[in-house]
Amino acid sequence: MTVGDTIFLAFTLLGGLALFLFGMQLMTEGLRSAAGDRLRVIIYRGTSNRFAGLGLGTGLGFLMHSSATTVMTVGFVSAGLLSLVNALPMLMGANIGTTLSMQMISFKLTDYALVAVAIGFLLRMIGPSPLLRSLGLALLGFGLLFKGMDVMSGAIEPHRDALMPWLARFNGETSAGMLQGLLLAWLFTAIVQSSGATIGMIFVLITAGAFTSLQQLYPIILGAHLGTTTTALIASMGTGVEGRRGAVGNLLFNVFNVALALVAAPLFIGAAELSSTELIRQTANLHTAIMLTASLLVLPFTGPLARLLHAVVPNRGPVAEPSYLDPALMDRPENALTAVFRESRRSLGLLVQSLRNARVFLQQPSLRRGPESIRVTEKVVDEIRDAVHDFLSRTTEHYLSRRQRLLAQYLSRITSDIDRIGDNLMHVVTISEHQRCTPQAGLDAPTLAALLAMLDYAEAALVATWESMDPDTARFPEAAHSIEAARDAFSEHSQVLRQAVNDRVAQHEVTAIAGIYFADLTLSLDALVRHCRLIAREQQQPYFALKPAK
């Protein structure tokens with residue numbers, strides 16, 4: 001080939017791979033959107049025992065692929081919405097589910113790729129309901145996925161004779177070939193963050209005639225199993241310790257299934273060769289057999305595995321409280337509403353810690369974990385918000401008294417206010433990061449001291465809000481007055497502090513750009529405290545009360 005031909009081939013392959021990955025992303029987004037908030041309740045109820053968790057993870061992995069499912073699961077664990085023991089079977093099932101989705105892709109459906117694209121596009125554009133539009137997006141992605149495979153296969157086929165000697169190096173029959181193939185597939189999967197892309201590439205090479213035996217493919221399949229763990233490990237960075245344990249648990253499971261496959265290679269290869277006469281189908285069956293066998297062997301030992309993860313990933317601070325949103329409480333409205341109180345208080349407690357982290361970051365900008373930990377907390381608060389809204393809507397399907405109906409509304413609005421508090425706290429960090437990258441925008445010592453003083457008054461308001469949501473005390477009107485008193489103190493002192501900084505800006509003691517950033521930071525703190533006051537107003541409503549006896 002000429003240099004031009006080589007460049008054209010490279011871009012054709014990259015374009016086909018991009019279509020494949022983009023199609024997979026669209027399919028995942030469409031199916032997750034179609035599931036909507038119901039997905040969260042399904043996860044709560046579907047992880048009640050290890051077999052149900054394995055089945056649920058398998059279903060989600062089939063629909064969304066393992067990377068998306070494992071990241072979502074790690075997020076739920078980090079938010080305290082799912083326990084580590086219950087998450088482990090789901091993570092194993094996610095790996096099985098991806099192999100089943102590749103089973104579907106192994107069938108020769110490329111001739112119908114554009115049909116799927118056309119129908120999916122029409123449904124996406126003119127579908128009469130959100131569900132059909134979401135399914136249209138999934139179908140569009142499904143078609144693009146196959147079209148990408150077709151493009152790559154067509155590009156490779158004329159050059160298969162040149163590729164075969166190079167691919168022969170990755171032969172599982174030799175130790176060197178096994179190691180090279182495993183490492184290459186591990187690296188490729190880690191880069192694209194999709195084991196499905198690696199297996200799909202195998203199917204493309206088989207279709208083009210570049211691969212001719214399972215022994216060649218074996219190390220690449222195993223490398224894909226290891227590489228797929230990268231996405232969850234990256235997603236767990238900066239999360240709570242339980243989230244990191246979930247990601248490490250996913251890694252350990254895949255290390256185990258690779259070790260098992262290496263030891264029992266003749267058995268797996270022999271069974272796959274008997275399962276079909278077509279190499280693509282044999283590859284898909286081998287991929288599934290390894291994951292399924294490993295899952296069934298590990299499943300009875302999820303308890304010991306969780307204890308091992310506690311030893312491997314030790315605590316570096318206080319462990320987050322688990323969620324109080326037990327689906328079993330939904331048919332007992334008073335207990336369900338009490339659980340929402342506790343969950344709201346848990347969310348506010350996370351935000352109090354984030355505000356304190358923000359204060360440390362403002363004082364010591366060299367600390368990199370400060371902003372990242374606040375971003376992670378913001379994601380956790382978002383998850384809790386969605387979970388609470390869904391929990392409340394499910395609770396209202398049961399009979400509620402007049403007080404309970406109104407209280408559910410108040411709690412829903414409080415949940416939204418808590419989310420806004422987190423948003424404004426995130427704004428403080430984002431503005432501060434931009435300020436540090438802007439020339440002449442640095443805050444001198446008096447200006448920084450004024451900002452930190454305002455943070456202290458904002459923290460007092462947030463702590464009062466956190467204390468007010470304790471259902472065990474249930475003195476809501478008095479607690480609301482405490483929030484308003486803290487808010488008044490913030491307003492009074494912040495006005496004085498702002499004026500002092502403005503005077504220094506006017507006298508050229510503080511640069512104009514630093515004054516602008518200071519104003520933006522204080523506006524975010526204003527909004528944060530204002531949402532605390534809105535929570536206090538909800539607590540002063542006449543039906544804002546709990547009846548523990550019920």
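This is a predicted model: local features need pLDDT of at least 70, side-chain atom pairs count only at pLDDT 80 or more; totals for chains, interfaces and linings use all residues.
Colleague: Okay. What share of the residues counts as buried?
Modeller: 53% of the 550 residues.

Colleague: And how many helices and strands are there?
Modeller: There are 21 helices and zero strands.

Colleague: What does the C-alpha trace span along its principal axes?
Modeller: Roughly speaking, about 80 × 65 × 55 Å.

Colleague: Take the contacts between residues at least 6 apart in sequence: what percentage joins residues at least 24 apart?
Modeller: That comes to 83%.

Colleague: Switching to charges. How many positive and negative side chains are there, and how far apart are the centres of the two sets?
Modeller: I get 43 positive and 42 negative ones, and the two centres sit 4 Å apart.

Colleague: Then what about Cys 437, buried or exposed?
Modeller: Cys 437 has a relative accessible area of 68%, over the 50% cut-off, so it's exposed.

Colleague: And Cys 532, buried or exposed?
Modeller: Buried, because its relative accessible area is 1%, under the 20% limit.

Colleague: New topic: how many aromatic pairs does a search of the whole structure find?
Modeller: Five. One of them is Phe 341 with Phe 476, where the ring centres are 5.1 Å apart and the planes are at 25°.

Colleague: Why does that pair count as stacked?
Modeller: Because the 25° between the planes is under the 30 degrees used as the cut-off.

Colleague: Where do Phe 341 and Phe 476 lie in the chain?
Modeller: Phe 341 is in helix H16 (residues 333–363) and Phe 476 is in helix H20 (residues 476–506), so the pair links distant parts of the chain, 135 residues apart. Phe 341 is buried at 0% relative accessibility, and Phe 476 is buried too, at 2%.

Colleague: Which aromatic pair does Phe 476 form with Phe 544, stacked or edge-to-face?
Modeller: Edge-to-face, with 5.0 Å centre to centre and 90° between the planes. Phe 544 is in the segment after helix H21 (512–539) and Phe 476 is in helix H20, so this pair ties together parts 68 residues apart in sequence. Both Phe 476 and Phe 544 are buried.

Colleague: Which residues do the ring pairs link into a cluster?
Modeller: Phe 341, Tyr 410, Phe 476 and Phe 544.

Methods. Residues are numbered from 1 along each chain as its sequence is written. Side-chain values use heavy atoms; hydrogens and water are left out. Helices (H or I, at least four residues) and strands (E, at least two) are DSSP runs, numbered from the N terminus. Buried means under 20% relative accessible area, exposed over 50%, partly exposed in between (1.4 Å probe, protein chains only). Contact means heavy atoms within 4.5 Å. Lys and Arg count as positive and Asp and Glu as negative; His and the chain ends are not counted. The place of a charge is taken as NZ of Lys, CZ of Arg, CG of Asp or CD of Glu. Rings of Phe, Tyr and Trp (its six-membered ring) pair if their centres lie within 6.5 Å; planes under 30 degrees apart count as stacked, over 60 as edge-to-face and the rest as tilted.
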